[in-house]
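Subject: Structure handover and findings

Hello,

Please find the structure below. My notes on it follow.

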Amino acid sequence: MFNKLKKIEKRGKEVYFLNQQGYVVSIPSSDYDIVMKYGNRKKMRNYMPKIIKELADAQILIFDNYIPNEDNLNFADALIKSNNDKPIYKAPIISHFSVTHACNMNCAYCSVRNIHKGKKELSTDECKKIIDKLVNWGVFQIGLTGGEPTVRKDIVELVRYTSAQNVACNLTTNGWNVSKELVDQLVEAGLTQVQLSLDSHIEEVHEKYRKKGSFKRVMNTAKMFKDKGLIVGFDTVVTNDNLDQIEPMILFLEKEGYDGLTLLKLKQGDLNLEIFKKLVPDYESYGKVVDKICKYKGELDVTLDCGSVCNLCMTLTDKEIKKLHSAGCPAGHTLIHIDNDGNMYPCAGLSQKEFSFGNILNEDPYVCWNNNEMLKKMRNIKNVITGKCKTCPKLDNCRGGCRSISYSFGDLFSSDQTCEMKL
């Protein structure tokens, strides 16, 4: 049966399915009638067409007698095959919308604190206008971020408005301001998933770059959301300080019954370049950790950010990489970042003024998205990248590594200098 579908949308020769967990899968329009014919059956039958099994593996369909086989999927196929300056979708799949620059913490490696400092805060109506534009454009998932989104007094109203738009709504928070009353209000408003900032399951390590007392706060917040039945995931900024704790943290979160963990390779943010170079994980050490994570067979859904894909390529074979549904930088294809002034950027790591490609409040995002020359080059990265990546056999999967990290070392379109792949 359909797994809590949020949206079905026909776009040209394809049909897109979105469920409440934020999974998006496209199928050819020619298969639509077949899917609708068999999609409400309770059990998988031998006579069902191949497309039904594929949607079951993608968790868009669930059957009482079928266990999904994720090895049969590669969600990143379109991105891997992309080799020109055209976007693979008419709109990004995911939008990170920073509803405020304000934050109650002062994390040392914050990517956006000083960049957006001094900008005016959007009104509730302006936020709703942005949400409307994203939905009408065709975005499937809107993540409300910051700063710290819970410092906004209207955050419940914004969650309610987003959740009512037939898109997946996700909230990213450090958990500090979240009370039981706020959890109840957010759930009532329609929130179904939340991402919490957690850099270690060891208190003193988590708080090394964050506010003292934040560990207990975030874990208490996670439990409150979990008790309400929400999908609870964590974002971890990976540095040399916590690299050796990633594996035990995965086991800790799995034991506690949480749903996911996303590993975010350190970006420079407000860090001095030399300090950043010392903190960013070295290629081989991180690669070995990633290799072990890829062999993890537990219940926790562990995801790597695009900046970690070059480390993923270190030890895995092409066949193993293909099973992991991973590709490199999605800038210009599946992701967009909106700041607290309505400006559009390729991602949060590239949200400096020079990377803005328009303001969604007063411009057509579709036109900006398709015509911006910087985004065209990012989509065409495999042909324009400079350095050793040009001859690397993993270029299709890695797409040259992280553009934000490359920029920290001086050139937006150079090879990611944290990669030490031996060619």
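Lys267 counts as buried, at 16% relative accessibility; buried here means under 20% relative accessible area, exposed means over 50%, and partly exposed is in between (1.4 Å probe, protein chains only). Before the rest, two notes on the source. This is a predicted model, in which local features need pLDDT of at least 70 and side-chain atom pairs count only at pLDDT 80 or more, while totals for chains, interfaces and linings use all residues. Residues are numbered from 1 along each chain as its sequence is written, and side-chain values use heavy atoms, with hydrogens and water left out.

Salt bridges

The side chain of Lys267 meets that of Asp305 in a salt bridge, at 2.8 Å from N to O. The pair links distant parts of the chain, 38 residues apart: Asp305 is in the loop between strand S10 (301–304) and helix H12 (309–312), and Lys267 is in the loop between strand S9 (260–265) and helix H10 (273–279). Asp305 is buried too, with a relative accessible area of 10%. A salt bridge is taken as a side-chain nitrogen of Lys or Arg within 4 Å of a carboxyl oxygen of Asp or Glu. Helices (H or I, at least four residues) and strands (E, at least two) are DSSP runs, numbered from the N terminus.

By this rule the count comes to 19 salt bridges. Another of them joins Lys208 and Asp241, with the closest N and O atoms 3.4 Å apart. Lys208 lies in the loop between helix H7 (203–206) and helix H8 (214–227) and Asp241 in the loop between strand S8 (231–238) and helix H9 (246–255), so this pair ties together parts that are 33 residues apart in sequence. Lys208 is exposed, with a relative accessible area of 53%, whereas Asp241 is partly exposed at 26%.

Within helix H2 (50–57), the side chains of Glu54 and Lys50 form a salt bridge of 3.9 Å, N to O. These two residues are four apart, about one turn of the helix. An α-helix has 3.6 residues a turn, so residues three or four places apart point the same way. Lys50 counts as exposed, at 65% relative accessibility, and Glu54 as partly exposed, at 35%. There is also a network of salt bridges that links Lys180, Asp184 and Lys228.

The buried residues of H2 include Ile51, Ile52, Leu55, Ala56 and Asp57. The buried residues of H2 pack against strand S3 (24–28) and H1, where contact means heavy atoms within 4.5 Å. After H2 comes Gln59, with a positive phi near 65°.

Lys37, Arg41, Lys43 and Arg45 form a positive surface patch. Patches are made of residues with over 30% relative accessible area and no salt bridge, like charges being joined within 9 Å and nonpolar side chains (Val, Leu, Ile, Met, Phe, Trp, Tyr) within 5 Å. Arg45 sits in the loop between helix H1 (32–38) and helix H2 (50–57), and is partly exposed with a relative accessible area of 42%.

Backbone

Most residues other than glycine have a negative phi, and most peptide bonds are trans. Gly146 and Gly147 are joined by a cis peptide bond, with omega about 20°. Gly147 is placed in the loop between strand S5 (141–145) and H5. Asn166 is not a glycine, yet has a positive phi of about 65°. Asn166 lies in the loop between H5 and strand S6 (168–173) and counts as partly exposed, at 43% relative accessibility. Arg399 also has a positive phi, near 55°. Arg399 is in the loop between helix H17 (395–398) and helix H18 (403–408) and is buried, with a relative accessible area of 0%.

Ser163 belongs to helix H5 (residues 155–163) and is buried, with a relative accessible area of 11%. Not counting residues up to four places away in sequence, Ser163 touches Lys6, Cys169, Ala189, Gly190 and Leu191.

Tyr258 lies in the loop between H9 and S9 and is buried at 7% relative accessible area. Tyr258 and Leu300 are 42 residues apart along the chain, and their C-alpha atoms are separated by 6.9 Å.

Regards

Definitions and conventions:
Areas by Shrake-Rupley, 256 points an atom, 1.4 Å probe, with all protein chains shown as cover. Lys, Arg positive; Asp, Glu negative; His and termini not counted. Charge placed at Lys NZ, Arg CZ, Asp CG, Glu CD.
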